[in-house]
Structures are given as structure tokens and as C-alpha cells.
Amino acid sequence: MNKKLEQLEKFKLNDKNPVIATTNTGLPISDDGNTLKAGPRGPSLLEDFAFREKMTHFDHERIPERIVHARGSGAHGYFLSYKDHSELTKADFLSKQDKKTPVFIRISTVQGPRGSADTVRDVHGFAVKFYTDEGNYDIVGNNMPVFFVQDASSFPDFVHALKMEPQNEMPIGASAHDTFYDFCGLKPETAHTVLWAMSDRGIPLSLRHQQGFGVHTYRYINAQGKSTFVKLHWKPLSGTCSLLWDEAQKIAGNDGDYHRRRFWEDIEAGDYPQWELGAQILDEDLQKKFEFDILDATKLIPEELTPVIPLGRMVIDRNPDNFFAETEQIAFCVSHVVPGIDFSNDPLLQGRIFSYLDTQLSRLGGPNFNEIPINRPICPFANNQRDGIHRMTINRGGASYYPNSIDKGYPILKAPSENKGGFKPYPENISGIKSYDKSETFGDHFSQATMFWNSMSQHEKNHIISAYSFELSKCSRPEVRTRYVNDILVNIDSVLAEKVSKNLGVKIEPSSTKPIKKVMVKPSPALSQTNLLSGDIVSRRISIIIEKGVDYDDVMKFKDDMEKRGAMTMLVSTTLAPVECCGGEMLTPKGTLIGNPSIFFDAIYVPLSTDETTKILSDDGNFLHYILEAYKHLKTIAFGGSVFVIKELLRLPQDHGLLLGNGYKDITEQFFYSLAHHRVWERESKVTKIPA
């Protein structure tokens with residue numbers, strides 16, 4: 001045997017041997033899925049050494065890349081408060097109308113490493129750091145309002161199951177594999193969030209076209225000490241919409257940086273992404289009406305039960321100067337709060353408070369990560385923490401302890417007060433039996449998954465069926481597929497289960513004969529992306545195909561019209577060589593049919609042109625594929641000329657998104673209407689035979 005392999009043999013463990021679960025010191029453990037709490041709904045306890053050992057080891061598994069959310073894009077901006085929200089919270093950044101607070105946003109995928117593609121199906125991290133006058137405040141959430149597990153103790157297991165399988169480091173950037181569905185099939189609490197990931201939310205059109213959520217329940221505390229539970233929402237002013245699965249896969253192969261590039265280019269062009277921050281206010285009387293627990297991170301609160309109250313608007317207006325120094329080194333921590341904001345006893349949140357800080361210690365080399373420029377608060381900061389790796393502050397004085405008299409007692413503690421006081425946790429009355437027990441109110445795993453399914457439009461349901469069918473078909477173990485269909489999908493919806501089972505060749509034989517009680521399965525219109533469009537075409541990308549003989553005025557007038565409505569246009573041709581128009585004018589393409597395929601655009605326009613142009617386009621296979629692919633992806637396509645291509649050559653049936661006319665004036669308004677509706681969904685059932 002190779003001596004090196006022989007050496008490595010001494011360190012190998014056979015994980016298949018049946019052994020008792022223990023800590024790293026050999027102590028047998030009785031519960032590995034719940035943190036130690038003061039009562040089933042109480043806060044998690046610091047003394048839970050088994051959880052801290054497990055989470056600490058997990059947090060230090062990768063260096064220096066983030067364990068999850070490694071692939072991300074970030075930028076600077078600002079937040080404007082709509083008004084004085086002091087009746088709700090004493091947080092200074094929400095204290096008056098138009099108060100402006102600098103922010104940095106980072107949006108990321110979860111599963112893949114830094115080099116993975118942007119458009120894989122995944123939950124997307126949505127983190128915002130506020131540089132407030134009272135210190136840094138981080139909202140560290142996702143583009144989905146729920147999470148996979150209820151307790152932080154299960155988070156390392158979830159990520160291990162989601163990540164590449166250990167024996168072969170595959171697949172990268174995908175959940176379509178055995179370990180993920182093995183875990184989720186055995187842990188029903190994951191059902192709701194997996195359903196969200198299989199929906200169109202898992203493949204957003206761009207970074208600016210997705211919502212953000214705080215996920216957990218937090219406390220807002222006003223100057224009088226009144227506490228109100230809140231759920232936080234980021235709503236994009238661009239609307240919420242997605243790619244198609246075929247489109248997402250092709251983009252990943254053509255440009256793995258597609259989301260990052262589009263985000264960067266929008267900001268550089270002055271087309272700034274914007275989101276509105278809102279809060280669902282959960283007063284005590286309202287909570288009593290809920291048939292779920294607000295501390296359960298696998299549950300959302302339908303907007304029909306309590307609306308989202310707008311708090312302010314975030315504008316992202318400047319790209320980083322250095323990706324590593326800013327986007328990569330920024331450190332988000334759930335524990336970064338300011339006076340007026342506090343935590344709930346959500347057991348997933350309680351664990352994240354510990355985990356994020358611990359992760360940054362590993363990833364950024366030590367306890368001084370907040371001194372890195374991108375992480376430094378803009379307000380003065382001082383304490384008695386000293387030394388450590390990468391220390392940047394040069395402290396003067398003779399005392400580094402509290403209390404002291406040598407340095408006149410500095411730094412001085414700031415007493416809590418109604419405004420501008422020191423942080424004081426909410427004085428919650430806590431009592432309970434110390435245990436690993438999970439609250440009985442966390443026991444319903446399928447009602448909200450069914451509600452989400454019932455809230456989808458028909459085309460959204462079809463996409464979910466296709467997504468599950470694709471993902472589960474990648475599982476090599478038949479028992480994993482069978483268990484997930486019978487134990488999870490059957491309990492969400494019978495139609496969903498039947499259609500997926502048919503696609504997989506799985507027989508429906510539910511292992512549980514006991515009917516699962518469900519509550520609150522009425523559709524919530526706010527969950528369907530068909531109701532979340534912006535109604536405009538701001539930031540949408542339009543390809544204008546030009547070739548010899550094209551009409552210059554038609555090109556330029558259409559281009560100007562669309563750009564005045566907020567869209568971005570690109571002149572695309574077979575090559576980058578200047579194109580001679582029918583009147584002798586010259587146009588210079590900015591992209592080619594091959595280098596800038598239809599998947600990079602939201603709509604296509606073929607301008608008014610001569611018969612010579614039509615002949616050139618008709619003979620170009622790349623152009624024909626361009627149109628067929630855009631048609632198959634349900635995009636708006638308009639021909640101001642060369643209609644022969646559609647009527648006689650491709651013979652594609654017209655619909656409200658395939659427009660034929662004699663120049664841009666004939667199609668402009670219908671083009672705008674169709675593009676503002678994102679896709680031509682009624683076309684979807686007719687394109688299965690399109691060879692593109």
C-alpha cells in the first residue's frame with residue numbers, strides 16, 4: 001500500500017458502524033435536534049455545551065470561505081425612514097422622516113462555493129448592514145420568509161445534507177441529490193421551505209427582483225418600554241419574478257456571473273435597485289388568533305392576517321471598489337442590534353446569535369473583524385477589549401478593565417434611557433423546566449406548505465411539479481425518492497404527490513395511515529408572484545436585432561421609447577462590425593447573437609427593415625434559434641419588420657406577446673404591456689415541441 005494512504009488509514013472512521021452518539025469527549029447524548037431551553041417555548045441556555053460544541057465545530061469547518069452563502073454579490077446604498085416610527089421602536093435610524101442611514105447589502109446563494117453559478121435553484125441569502133448612529137445593525141435573512149429547521153441544533157445537519165456529498169464533492173450548487181432528500185424526507189419540518197425552494201422563488205430573475213425577509217420574529221421596543229413582536233419584509237420596487245428552469249440552466253452555462261453582472265451593470269448605469277422595508281406588527285391579541293407559533297421559523301404570517309406596514313426605503317447606488325475588501329470581508333451577525341430592537345425566543349434565532357459571531361472569528365481570523373474597514377461602525381466605539389490577531393486600533397491609557405480610576409473610569413457605561421441610551425434587553429419574565437423538549441405548538445409541519453401550494457397559480461404549480469420531479473430523479477437511491485413522495489408530498493397535496501410520483505415511477509403508499517390535521521390552508525394571494533409585479537419595465541433588458549438594411553429611425557425611436565420607460569436596450573447582430581442601415585447610416589452593435597443569447601434578455605425586437613435584411617436573418621440559424629428560444633421561454637417578441645420569418649418560416653402562432661407590425665409604432669404599447677407582465681404564461685402549454 002502507498003505509505004501515505006497507509007498513514008491516512010489510522011485516521012479513518014467507519015461511520016457505518018452502529019455506535020452511540022456522543023460529544024467529542026465521549027459523553028453519550030440523548031437529544032441531537034433541540035437546544036436546551038428554559039421550558040419548551042423559553043430561551044436557549046448558554047450552558048448547553050453539547051449544542052455549543054456541535055455548532056462551534058460546524059462554524060469552523062471552512063476557512064476562509066463562508067460555509068454557506070459563499071457565492072454572493074454586494075453593494076453600498078442608503079436607507080430612508082418614511083416617518084418617525086418612535087411609537088413602535090426607539091431605534092434611531094427609524095426616529096424621523098427622511099433620516100438617511102448608510103447600508104451595505106449582500107445577496108447570495110446558499111449551497112455552492114464562491115465559484116459556483118448564480119442561477120442555480122437555491123434559497124438566497126439577503127443580508128443588510130445598517131451603519132446607524134447607535135452602532136451597526138444587521139438584518140440577516142433570506143429571500144424566503146421561512147427556514148428548513150426549527151432549532152439551531154439541526155442547522156449543521158441540514159447544511160451537511162445540503163452540501164456536496166463527502167465521498168465525491170458533488171453536486172456543486174444544487175440540492176438535487178440523495179443526502180438532501182434523505183434528511184428532508186426524515187424531517188417533516190423541512191417540507192414548507194423545500195416547497196418554496198422548488199417554486200419559482202428558487203430561481204429569481206435577478207438580484208433586484210427578489211424579496212427579502214428577516215425570517216425570525218424580533219422585538220421592537222419603544223422609549224416607554226413597550227415591546228411589540230415584528231416580522232420584517234423587504235419588497236423590491238422592481239417587482240418579484242423569476243427565470244424559467246430551462247433558462248436558468250442555460251444561463252449558468254453561458255455566464256455563471258449573470259446575477260452579479262446584471263446587478264453591477266444596473267448600478268453603474270444609475271438604475272439603482274430599491275427595496276421597501278416593512279414590518280408585520282404582532283400584538284398580543286392578534287397572536288392569540290394564530291393557529292401556529294410565531295417562534296417557529298418554518299412558519300410565516302399571511303399578510304391577510306396582518307398587513308406589512310412600510311417603514312422606509314433602501315436604495316443601492318454604489319458598487320464596491322474592491323470585491324474582497326468589501327463584499328467578501330463584510331461580517332454579518334444576527335447579534336448586531338441597536339437599542340429598540342431585541343430578540344425573541346425562536347430557538348433557531350437563539351442559536352444563530354451564537355453561531356454567526358463564532359463563524360466570523362474563524363473566517364476573518366480572530367476577534368478584531370469589526371475593525372476591518374467595511375465592518376467598522378460609523379459612530380464612536382470604545383471598550384476594554386485589547387490585542388488579538390489583526391488588531392488595528394492603537395489604544396492609549398493605562399487601564400483596560402472595568403471599573404478603573406487610573407483612566408478616570410473610561411470608557412464610561414451609558415445607562416439605558418428613553419432615547420440615545422445604552423442597550424437594555426427587554427425584561428421578559430422567564431420560567432420553565434430545563435429540558436430539550438420542543439413546544440407542542442411547533443408540531444404542525446404541513447398546513448402552511450399546503451397553504452403555499454394552494455396560493456400558487458396554475459403555471460406556478462406546474463413549475464413546482466417539474467422541480468420536484470427533476471430534483472428527486474437525481475437521487476440514486478429509490479428508497480429516498482419513495483419516502484419523500486409518500487411521507488412529505490402526500491401530506492402537502494394529493495395532486496402534487498400524484499403527478500410527481502408518476503414522473504418518478506414511484507407508487508404512492510403513505511407510511512402513515514393516521515390523517516394529518518391541517519389548519520389555515522386557505523390561499524394567500526401575497527404568496528404568488530403573479531400578484532407581485534411592478535407594472536412597469538424599469539431595469540428590463542431588451543435585445544434589438546440589427547442587420548444590414550435595417551431602418552435606422554425605427555431602431556433609434558424604439559430604443560429611445562423603451563429607455564424613457566426605464567428599460568435597458570442592446571443592439572445585437574451576427575458580429576460586432578458596424579451595420580449599414582437602409583438609408584446609409586451606420587449602427588454599431590454592442591453584442592452578438594452567440595455572445596449575448598436570448599437568455600440574457602427579457603424581450604426581443606426585430607426592427608423595420610428591407611427584404612435584404614429578411615433574407616440575411618432567414619438564412620441565419622443562430623438568429624432562428626434566438627427567436628425560437630425566446631419564444632419557448634415565453635418572452636415578449638416583436639417584429640417591426642421581417643415578419644416573413646414568423647409567418648412563413650417559423651410559423652409560430654401569434655399571442656399577446658408575439659407582435660407583428662410595420663415599424664415600432666404598431667407594436668410599442670402592446671410590447672410594453674406584455675413585457676410588464678413578465679412572461680406570456682398561456683403560451684407555456686404550446687412550446688413543449690419547440691426545438692430550442
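## The second largest cavity

In this predicted model, the second largest cavity is lined by 20 residues, and those nearest its centre are Pro145, Phe213, His233, Leu300 and Ile301. The space inside the second largest cavity comes to about 180 Å³.

Strand E8, which covers residues 227-236, supplies the largest share of this lining, with 3 residues. Sorted by class, the lining of the second largest cavity holds 10 nonpolar, 6 polar and 4 charged residues.

## The largest cavity

The count of cavities of 30 Å³ or more is 8. The largest cavity holds about 540 Å³ of space. Its lining is made of 34 residues, and Val68, His69, Val140, Arg352 and Tyr356 are the ones nearest the centre. Several elements give two or more residues to this lining: helix H2 (49-59), strand E3 (100-109), strand E4 (124-132), strand E5 (135-142), helix H3 (155-162) and helix H10 (347-363).

Which element gives the most to the lining of the largest cavity? Helix H10 does, with 8 residues. By class, the lining of the largest cavity divides into 19 nonpolar, 10 polar and 5 charged residues.

## The largest pocket

The largest pocket has a volume of about 1600 Å³. It is lined by 44 residues, and the closest to its centre are Pro377, Pro380, Phe381, Ala382 and Asn383.

Strand E5 and helix H10 each supply at least two residues of the lining of the largest pocket.

In soluble globular proteins, nonpolar side chains tend to be buried together. In this model, the largest nonpolar core has 56 residues, of which Phe158, Tyr468, Leu472, Leu489, Ile492 and Leu496 touch the most other members. At least two residues of this core come from each of H2, H3, helix H4 (178-186), helix H5 (191-198), helix H11 (447-455), helix H12 (458-473), helix H13 (478-492) and helix H14 (494-504). Apart from this core lies another one, of 47 residues, including Ala127, Ile139, Val334 and Phe369.

What does Phe158 touch, leaving aside residues up to four places away in sequence? Its contacts are Phe147, Phe148, Val149, Phe180 and Phe183.

## Cysteines

How many disulfides does a search of the whole structure find? The search finds 0. A disulfide needs two cysteine sulfur atoms within 2.5 Å. The closest cysteine sulfur to that of Cys333 is in Cys379, 16 Å away, so the two are too far apart for a bond. Cys333 counts as buried because its relative accessibility is 0%.

Cys582 has its closest cysteine sulfur in Cys581, and the distance of 6.7 Å is again too far for a bond. Cys582 is partly exposed, with a relative accessible area of 46%.

Glu479 is a residue of helix H13. Is Glu479 buried or partly exposed? With a relative accessible area of 46%, Glu479 is partly exposed, because that class lies between the 20% limit for buried and the 50% limit for exposed.

Glu479 can also be placed relative to Val506. The two residues are 27 positions apart in sequence, and their C-alpha atoms are 9.6 Å apart in space.

Notes. Residues are numbered from 1 along each chain as its sequence is written. This is a predicted model: local features need pLDDT of at least 70, side-chain atom pairs count only at pLDDT 80 or more; totals for chains, interfaces and linings use all residues. Side-chain values use heavy atoms; hydrogens and water are left out. On a 1 Å grid over the protein atoms alone, a cavity is a set of points where a 1.4 Å probe fits but cannot get out, and a pocket is an open set with protein on both sides within 12 Å along at least five of seven lines; lining residues have an atom within 4 Å of a point. Grid points are joined across faces, edges and corners, and a volume is the space filled by probe spheres set on the points. Helices (H or I, at least four residues) and strands (E, at least two) are DSSP runs, numbered from the N terminus. Ala, Val, Leu, Ile, Met, Phe, Trp, Tyr, Cys and Pro count as nonpolar, Asp, Glu, Lys and Arg as charged, and the others, Gly among them, as polar. A nonpolar core is a set of buried Ala, Val, Leu, Ile, Met, Phe, Trp, Tyr and Cys residues joined through side-chain atoms within 4.5 Å. Buried means under 20% relative accessible area, exposed over 50%, partly exposed in between (1.4 Å probe, protein chains only). Contact means heavy atoms within 4.5 Å.
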